[in-house]
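Colleague: Please put the model on the screen, and let us work through how its parts are arranged, one question at a time.

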Amino acid sequence: MSHPMHKDYTGAKLGMWLFLFTELLLFSGLFLLYAVYLRRYPHEFTTAGKQLNWVLGSANTVILLTSSLFAAMAVTAAQRSEARRAVGLIGGTILCATGFMIIKYFEWSAKIGHGIYPGSEHLKAGAPGESVFFGLYYMTTGIHGLHVLIGGGLLAWIAAKVKGGSVNAEHFVLLENGALYWHLVDLIWIFIFPLYYLIL
């Protein structure tokens, strides 16, 4: 005799929120480091920050905000039993994630091409504060980029579940948690963008 699979939605949501809290702690530590070194090297941080391309940063901000909207709309579509629309919206989110990483690739490539990367002769010859700035920049945006890749892979897996019918109007907590993770990726970028590209 088969038994229905036990589904603990409250536990799943609580577990996801706890996980997101640990992620916030990780990035809070990076932002705290940024604040400490900004206080120590204010002029060097300003000089280094002006070397970042705020246009590309702005484009990535718009892309991530759009992707977050798609993710939220996908949850609503799944709740309304619109599986095809939900899959399409998740696809839109993944497409935005790809666009974000492509822009980040070109941004990093340009900087590395100019010899601006941790340990480079260019930074060694400059003020120590600039090396610290770019060290934090590569570490913070690199970890964030890794989260974008993980989130894109997670959403692709969830899209397959939606298409297969195991995520549906009755059982959508997996999609909801995936969207929550994606909103966190978006939220963290909302802090990274002004700190590194705008306020210096």
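Colleague: At roughly what angle do the axes of helix α4 and helix α6 cross?
Modeller: In this predicted model, local features need pLDDT of at least 70 and side-chain atom pairs count only at pLDDT 80 or more, while totals for chains, interfaces and linings use all residues. Residues are numbered from 1 along each chain as its sequence is written, and side-chain values use heavy atoms, with hydrogens and water left out. Axes are lines fitted to C-alpha atoms, for helices over the stretch in contact, with angles running from 0 to 180 degrees between N-to-C directions. On that basis the axes of α4 (residues 83–113) and α6 (residues 128–164) come within 9 Å, and they cross at roughly 160°.

Colleague: How do the residues of the contact of α4 with α6 divide by class?
Modeller: Ala, Val, Leu, Ile, Met, Phe, Trp, Tyr, Cys and Pro count as nonpolar, Asp, Glu, Lys and Arg as charged, and the others, Gly among them, as polar. For the antiparallel pair α4 and α6, the contact residues comprise 19 nonpolar, six polar and four charged.

Colleague: Which orientation does α3 take relative to α4?
Modeller: The axes of α3 and α4 come within 8 Å and cross at roughly 165°. That makes the orientation of α3 relative to α4 roughly antiparallel.

Colleague: And how are α4 and α7 oriented, roughly parallel or roughly antiparallel?
Modeller: The axes of α4 and α7 come within 13 Å, with a crossing angle of roughly 30°. The helices α4 and α7 are therefore roughly parallel.

Colleague: Which residues line the largest cavity?
Modeller: On a 1 Å grid over the protein atoms alone, a cavity is a set of points where a 1.4 Å probe fits but cannot get out, a pocket is an open set with protein on both sides within 12 Å along at least five of seven lines, and lining residues have an atom within 4 Å of a point. The residues are Ala71, Ala74, Ile90, Thr93, Leu155, Leu175 and Ala179.

Colleague: What volume does the largest pocket have?
Modeller: The largest pocket is lined by Lys7, Tyr9, Lys161, Ser166, Val167, His171, Phe172, Val173 and Leu174, a set with five nonpolar, two polar and two charged residues. Grid points are joined across faces, edges and corners, and a volume is the space filled by probe spheres set on the points. For the largest pocket, the volume is about 180 Å³.

Colleague: Which side chain meets that of Glu176 in a salt bridge?
Modeller: A salt bridge is a side-chain nitrogen of Lys or Arg within 4 Å of a carboxyl oxygen of Asp or Glu, and by this rule the count comes to four. The N to O distance in the bridge of Glu176 is 3.4 Å. This pair links distant parts of the chain, 163 residues apart, from helix α7 to helix α1 (residues 9–40). The partner of Glu176 is Lys13.

Colleague: How many helices are there in the chain?
Modeller: Helices (H or I, at least four residues) and strands (E, at least two) are DSSP runs, numbered from the N terminus. The pattern along the sequence is α-α-α-α-α-α-α. The chain has zero strands, and its helices number seven.

Definitions and conventions
Parallel < 35°, antiparallel > 145°, perpendicular 65-115°, else oblique.
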